[in-house]
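Hello,

Here is the structure I said I would pass on. Please have a look at it first; my notes follow below.

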Amino acid sequence: MITLALSKGRILDETAPLLEAIGIALDPAVLDSRKLILPTGDPDLQLIIVRASDVPTYVRYGAADLGVAGKDVLIEYGDEGLYQPIDLGIGRCRICVAARRGFDYQAAVGRGARLRIATKYLRMASEHFAAKGMHVDLIKLYGSMELAPLVGLADAIVDLVSTGNTLRANDLIEVEEVGVISSRLIVNQAALKTKAARLQPLLERFAAAVAARP
Ligand code: PRP
């Protein structure tokens with residue numbers, strides 16, 4: 001049995017068509033269920049549903065042979081021991097600095113103000129501001145970062161922007177790009193050897209489906 005770890009939401013929604021493209025059918029009723037181990041149309045492939053930030057852990061320890069994880073998660077939580085053969089090109093989004101409309105971020109940076117930045121991306125944020133030579137105070141949050149500048153917890157946030165709807169809904173504007181990210185297929189290195197006969201063809205099918213996309 002091959003096990004593929006995925007998170008619900010953006011990643012599952014965008015991986016499902018790829019799986020269908022390589023001939024692995026998914027039953028919508030199963031996807032909508034609260035079950036955490038999901039069968040697929042391939043009796044030898046099952047999905048497990050985990051939190052996005054836990055995908056690398058399941059794959060690293062071999063509890064899953066494969067996973068789909070955002071580059072943001074791999075940077076933030078580490079990619080040691082993981083083979084990353086394919087950029088799936090899905091889940092494409094940007095990590096940005098955003099602030100309240102009306103907050104002059106560039107002027108604050110220019111005068112060397114020590115800004116408070118709320119984020120769950122501590123690693124990416126600290127590298128970004130260090131590269132700019134800025135001293136900032138990072139405040140770790142686990143979600144709803146957009147709220148922080150609105151209630152005075154932070155001057156700005158570092159967060160993921162996809163459609164931009166969340167920023168707009170909260171009257172925030174993007175003031176700087178930190179990086180562009182997408183989702184990668186990650187593979188347990190030991191499984192790559194012990195299950196090569198089953199995994200290699202699957203990886204090739206994934207690569208071909210990604211290459212064939214318009
Ligand atoms: C992310 C991010 C933003 C939102 C951006 O949250 O933190 O809140 O998506 O997307 P948009 O630009 O399309 O509005 P996500 O839904 O991944 O949940 P999270 O709070 O668990 O990170």
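D171 is partly exposed, because its relative accessibility is 41% and partly exposed covers the range between buried, under 20% relative accessible area, and exposed, over 50% (1.4 Å probe, protein chains only). D171 lies in the loop between helix 8 and strand 10 (172-181). Helices here are DSSP runs of H or I with at least four residues, strands are E runs of at least two, and both are numbered from the N terminus. D171 is not a glycine, yet its phi is positive, at about 60°. Most residues other than glycine have a negative phi.

Before the rest, a word on the model. It is a predicted one: local features need pLDDT of at least 70, side-chain atom pairs count only at pLDDT 80 or more, and totals for chains, interfaces and linings use all residues. Residues are numbered from 1 along each chain as its sequence is written, and side-chain values use heavy atoms, with hydrogens and water left out.

Look for S144 in the loop between strand 8 (136-140) and helix 7 (147-150). S144 counts as exposed because its relative accessibility is 56%.

**The protein overall**

The secondary structure comes to ten helices and eleven strands. Along its principal axes, the C-alpha trace spans about 60 × 35 × 30 Å. The protein has 214 residues, and 48% of them count as buried.

**The ligand**

Where does the ligand sit? The ligand is in the largest pocket. A pocket is found on a 1 Å grid over the protein atoms alone: it is an open set of points with protein on both sides within 12 Å along at least five of seven lines. A molecule sits in one if more than half of its atoms lie within 2 Å of its grid points.

Which elements give two or more residues to the shell around the ligand? They are strand 9 (156-161) and helix 8 (165-169). Strand 9 gives the most, with three residues.

The surrounding residues are R10, K120, E146, D159, L160, V161, S162, T163, G164, N165 and T166. By class, the shell has two nonpolar, five polar and four charged residues. Nonpolar means Ala, Val, Leu, Ile, Met, Phe, Trp, Tyr, Cys and Pro; charged means Asp, Glu, Lys and Arg; the others, Gly among them, are polar.

- D159: an N or O atom of its side chain is 2.9 Å from an oxygen atom of the ligand.
- S162: a backbone N or O atom lies 2.8 Å from a ligand oxygen.
- G164: a polar backbone atom is 2.7 Å from an oxygen atom of the ligand.

Taken alone, the ligand exposes 500 Å², and the protein buries 68% of that. Those accessible areas come from the Shrake-Rupley method with a 1.4 Å probe.

- V55 is in helix 3 (residues 55-60). V55 is buried because its relative accessible area is 0%. From V55 to I24 is 31 residues in sequence and 20 Å in space, C-alpha to C-alpha.
- E20 is in helix 1 (residues 10-21). E20 is partly exposed because its relative accessible area is 42%. E20 and A5 are 15 residues apart along the chain, and their C-alpha atoms are separated by 16 Å.
- Q189 is found in helix 9 (residues 189-194). At 39% relative accessibility, Q189 is partly exposed. Q189 and P43 are 146 residues apart in sequence, with 23 Å between their C-alpha atoms.
- G133 is in the loop between helix 6 (122-131) and strand 8. G133 is exposed, at 58% relative accessibility. G133 and P28 are 105 residues apart in sequence and 49 Å apart in space, C-alpha to C-alpha.

Best wishes

Definitions and conventions:
A residue is near a molecule or strand if one of its heavy atoms lies within 4 Å of it. A polar contact is a pair of N or O atoms within 3.5 Å; within protein, one must be able to donate a hydrogen and the other to accept it, and residues adjacent in sequence count only if both atoms are side-chain atoms. On a 1 Å grid over the protein atoms alone, a cavity is a set of points where a 1.4 Å probe fits but cannot get out, and a pocket is an open set with protein on both sides within 12 Å along at least five of seven lines; lining residues have an atom within 4 Å of a point.
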